[in-house]
Amino acid sequence: MYNGFTNEFDEQLNNAFGEFKSAGVTDLVLDLRYNPGGSVNSARLLSSMIYGTYTNSVFLKARYNTKLQSEFKETDLIEYFADATDNNTPINTLGLSKVYIIATGSSASASELVMNGLDPYINVIHIGTTTTGKNEFSVTFVDDFDNGNVYDPDREDNINPDNHWAIQPLIGRNENANGFSDYTDGLTPDILLSEDLSNLGVLGNMDEPLLAKAISEITGITAKMDFTVDMPVELVSSSKMFTKIKDNMFMDIKKPLNLTKKQ
């Protein structure tokens with residue numbers, strides 16, 4: 001279960017996949033049911049841990065509006081699968097050809113990006129309900145003119161100390177290798193199964209309904225439990241909806257556009 005794409009934990013995530021690899025894991029159930037998104041780079045690293053370190057294979061291509069798109073070089077718009085973390089730690093990859101992903105209406109942004117980015121390469125079995133449909137990415141802008149006003153944690157000393165404001169606008173969409181990004185209505189499941197208020201189960205327990213369904217698909221052994229949903233969960237609110245970042249997908253722009261000073 002992975003609840004947020006937070007780049008401060010990329011190394012721990014990679015270590016977890018190292019344990020999977022050492023254990024000889026051949027099948028993976030990735031539970032993103034409560035994951036509203038976060039760092040695009042963390043999504044790229046996680047996808048590489050699942051699929052492989054194919055640094056010549058396109059994971060995503062940024063798509064801006066027609067005016068801005070032409071301002072970037074083609075190489076600046078494309079992100080490939082990774083072979084190392086930002087700390088140059090080699091990626092621990094399982095090299096899978098199929099992955100089972102539990103996702104629901106609470107799964108958004110970078111969660112959907114993983115599903116969409118992997119889809120051209122491997123069989124993504126989506127178990128759950130239709131996802132949020134948050135296919136836009138955002139960028140944090142601060143008062144750092146020499147870096148195109150794009151926030152870079154390594155340049156915090158260069159931010160104008162007299163300006164304490166920043167903005168986080170939605171500025172584009174991320175396409176997968178096939179050029180697909182149109183999932184505003186959400187990604188529909190291959191196996192429809194809602195969480196059931198009358199039978200939520202315990203997360204991580206083999207009898208928890210969504211996990212049990214995934215395991216039965218992997219093993220080919222029909223689960224003995226009844227998957228009938230009496231009281232389907234419908235998202236009304238969540239604790240993360242009241243945070244400033246909510247379900248944003250953060251794009252890491254490495255080469256910001258140059259700005260022209262007003263004369």
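Strand E5 is largely enclosed by the rest of the structure, because 5 of its 6 residues are buried (under 20% relative accessible area, with exposed over 50% and partly exposed in between; 1.4 Å probe, protein chains only). The model is predicted, and local features need pLDDT of at least 70, side-chain atom pairs count only at pLDDT 80 or more, and totals for chains, interfaces and linings use all residues. Residues are numbered from 1 along each chain as its sequence is written, and side-chain values use heavy atoms, with hydrogens and water left out.

Helices (H or I, at least four residues) and strands (E, at least two) are DSSP runs numbered from the N terminus. E5 runs parallel to E4, to which it is joined by 6 bridges; two strands pair if DSSP finds at least two bridges between them. Ile 101 has His 126 in E5 as its bridge partner. E5 also pairs with strand E8 (residues 191–192) in the parallel sense, over 2 bridges, and here Ile 127 has Ile 191 in E8 as its bridge partner. Together, E4, H5 and E5 make a right-handed β-α-β unit (with the strands pointing away from the viewer, the path from the first strand over the helix to the second runs clockwise).

The whole structure contains 10 aromatic pairs, defined for rings of Phe, Tyr and Trp (its six-membered ring) whose centres lie within 6.5 Å; planes under 30 degrees apart count as stacked, over 60 as edge-to-face and the rest as tilted. Tyr 2 and Phe 5 form an edge-to-face pair, at 4.9 Å centre to centre with 85° between the planes, and both residues are buried. Phe 81 and Tyr 121 also pair edge-to-face, at 5.2 Å centre to centre and 85° between the planes. This pair links distant parts of the chain, 40 residues apart: Phe 81 is in the loop between strand E3 (78–80) and strand E4 (98–103), and Tyr 121 is in the loop between helix H5 (110–118) and strand E5 (123–128). Phe 81 counts as buried because its relative accessibility is 1%, whereas Tyr 121, at 27% relative accessible area, is partly exposed.

Ser 47, in helix H2 (residues 40–50), is buried at 0% relative accessibility. Beyond its neighbours within four places in sequence, Ser 47 is in contact (heavy atoms within 4.5 Å) with Gly 52, Phe 59, Phe 81, Val 114 and Leu 118.
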